[in-house]
Amino acid sequence: MRLSKRSLPVGLAFVCLVGIVGFKDTGIFVNQYTAKSPNGVTLNYVPNDRAEIISESETEYIITQDGIKYNVPKVDLLKIDKGIKSYKVIKSSSIIDPNTGEIERMLFTDEVLEHVGIKDNKYIARTAEGFVGFINPGDMEFIRDRNITQGHTNCDIVLEQDGKQLKLIKDEAISIAWFQEDYFIIFDAQGNKFNIGKQFVDLSEKTAAESVIQPQATEEQEDPNLKDNLPPSNSTLEEAQSKIVELEKEFTKAKDTDYEKAAILVAKAHEYLGAPYVYADAGKAGFDCSGLTYALYGELFDIKLPRSSKTQITAGVRVSKENLQPGDLVFFRTTSSGNISHVGLYIGDDTMIHASSSKASVIKSKLSEKYYAERYMGAVRVLNNN
């Protein structure tokens with residue numbers, strides 16, 4: 001046995017040469033469906049059957065079975081993960097040099113390896129110090145990157161589970177993590193799990209353009225005709241800095257706001273423009289509305305805001321709309337409950353930066369836009385309070 005001492009660049013060169021492909025996404029059928037290939041081959045699926053997803057369009061998934069591709073409507077198949085992201089070694093094993101077939105080094109129980117891809121049905125991983133080679137999947141636990149699918153309710157319903165209660169109204173958006181037997185598994189804004197029968201859920205494609213509304217008010221339900229002030233596609237950090245200079249007069253009017261910190265907040269918020277909207281996320285893969293403000297204050301100033309928009313309004317000193325300054329948090333009611341359900345970071349010039357579920361990204365919007373003007377609930381100043 002020879003223990004290789006190759007450096008990281010050699011391993012990386014191997015990755016480039018072999019043309020590795022990643023693991024396919026996984027889906028679970030939620031309805032009975034007969035899939036038909038272009039050449040007439042048919043497959044019958046029943047609820048809870050699994051499928052490998054290789055690509056998707058706005059309304060369909062492309063799945064593969066025995067090398068044949070089939071189109072499946074998204075209303076019939078729930079994507080549950082985005083493939084393997086890493087492995088955990090569950091018993092002593094080894095990583096094999098792809099060029100020589102010899103052992104590069106031994107792998108140890110509980111060691112975590114990065115998923116690289118597959119080649120000719122062989123699994124390829126990378127160790128922490130950079131060895132890239134073949135592994136035995138039977139010695140590994142696959143760690144998958146879970147997917148959250150947006151759906152919405154088709155009626156008013158109250159869910160109860162483990163002493164918790166979740167009230168949902170018709171057309172309210174929900175975040176679906178799993179399908180099992182005949183029900184979906186969803187989570188509320190506090191991370192509580194609930195089961196909801198599939199007969200109460202709509203997975204139709206229109207949900208992609210609808211907002212994600214949670215009962216604890218983390219997101220907004222926006223007017224479908226609302227046109228947000230999206231930044232130009234060539235927007236850069238330099239342009240953001242230029243915008244800050246233009247707003248300097250408004251900054252300096254603030255007698256009780258830390259100008260420097262406010263400028264840093266605004267600059268950082270501009271960097272996040274275009275970041276994807278991801279429910280219940282504060283920066284790992286994207287942001288929801290309160291996740292964005294939580295991340296901005298926490299990352300830049302180690303100020304730990306409450307996690308939901310409903311509670312973030314308690315984190316600072318209330319200020320009137322007329323006295324808003326850059327860096328203030330602005331709040332809105334966007335659900336039928338009438339409670340606070342959305343938050344954004346005010347950056348001056350009647351403008352906020354916020355994570356919009358209906359636009360699926362971090363964007364700019366004017367406070368004077370009809371939708372937000374009618375739903376404005378107040379603002380707080382955090383900087384002078386810390």
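**Entry 1: Lys268 and its helix**

I found Lys268 in helix α4, and I then listed what touches this residue once the neighbours within four places in sequence are left aside: Lys268 is in contact with Leu296, Glu299 and Leu300. I also noted a salt bridge between Lys268 and Glu271, in which the closest N and O atoms are 3.7 Å apart. Both of these residues lie in α4 (residues 259–271), 3 residues apart, which is about one turn of the helix.

α4 has 13 residues and reaches 19 Å from its first C-alpha to its last, which is close to the 18 Å expected at 1.5 Å a residue. Its buried residues are Ala262, Ala263, Leu265, Val266, Ala267, Lys268, Ala269 and His270.

**Entry 2: other salt bridges**

How many salt bridges does the structure hold? I have 13 salt bridges on record for the structure, and I followed some of them up.

Asp139 forms one with Lys91, the closest N and O atoms being 3.7 Å apart. Asp139 sits in the loop between β12 (132–135) and β13 (140–146) and Lys91 in the loop between β7 (77–89) and β8 (93–96), so this pair ties together parts that are 48 residues apart in sequence. I wrote down Asp139 as buried, at 8% relative accessibility, and Lys91 as partly exposed, with a relative accessible area of 45%.

Arg381 forms another with Asp328, and here the closest N and O atoms are 2.9 Å apart. Arg381 belongs to strand β26 (residues 376–381), while Asp328 is in the loop between β21 (317–319) and β22 (329–333), so the pair ties together parts that are 53 residues apart in sequence. In this case I found Arg381 buried at 4% relative accessibility, and Asp328 is buried too, with a relative accessible area of 1%.

I also noted that Glu56, Lys74 and Lys79 are linked in a network of salt bridges.

**Entry 3: strand β1**

Why is strand β1 described as largely enclosed by the rest of the structure? I counted its buried residues: 5 of the 5 residues of β1 (residues 25–29) are buried, so the strand is largely enclosed by the rest of the structure. Asp25, Gly27 and Phe29 point one way from β1, Thr26 and Ile28 point the other way, and all are buried. I then looked for a partner strand and found that β1 pairs with β4 (residues 50–56) in the antiparallel sense over 4 bridges, with Gly27 standing opposite Ala51 in β4.

**Entry 4: a five-stranded sheet**

I traced an open sheet of 5 strands, in the order β19-β18-β17-β14-β20, with antiparallel pairing. Its edge strands are β19 (193–197) and β20 (201–202), each of which pairs on one side only. Within this sheet I examined β17 (residues 173–180) and β18 (residues 183–187), which pair in the antiparallel sense over 4 bridges; the bridge partner of Phe179 is Phe184 in β18.

**Entry 5: the whole chain, and where I hold back**

For the protein overall I noted 7 helices and 26 strands, with 48% of the 386 residues counting as buried. Among contacts with a separation of 6 or more, 61% are between residues 24 or more positions apart. The accessible surface comes to about 18,800 Å², and 49% of this belongs to carbon and sulfur atoms.

On confidence, I recorded a mean pLDDT of 79, with 78% of the residues reaching 70 or more. Over residues 1–23 the pLDDT is below 50, although beyond near neighbours in sequence this stretch has 42 contacts in the model. Over residues 248–256 the pLDDT is likewise below 50, and that stretch has 18 contacts in the model beyond near neighbours in sequence. Where pLDDT is low, the predicted coordinates should not be read in detail.

Methods:
Residues are numbered from 1 along each chain as its sequence is written. This is a predicted model: local features need pLDDT of at least 70, side-chain atom pairs count only at pLDDT 80 or more; totals for chains, interfaces and linings use all residues. Side-chain values use heavy atoms; hydrogens and water are left out. Helices (H or I, at least four residues) and strands (E, at least two) are DSSP runs, numbered from the N terminus. Buried means under 20% relative accessible area, exposed over 50%, partly exposed in between (1.4 Å probe, protein chains only). Contact means heavy atoms within 4.5 Å. Accessible areas come from the Shrake-Rupley method with a 1.4 Å probe; for residues, only the protein chains shown count as cover. Two strands pair if DSSP finds at least two bridges between them. pLDDT is the predictor's confidence in each residue, from 0 to 100. A salt bridge is a side-chain nitrogen of Lys or Arg within 4 Å of a carboxyl oxygen of Asp or Glu. The expected span of a helix is 1.5 Å times one less than its number of residues.
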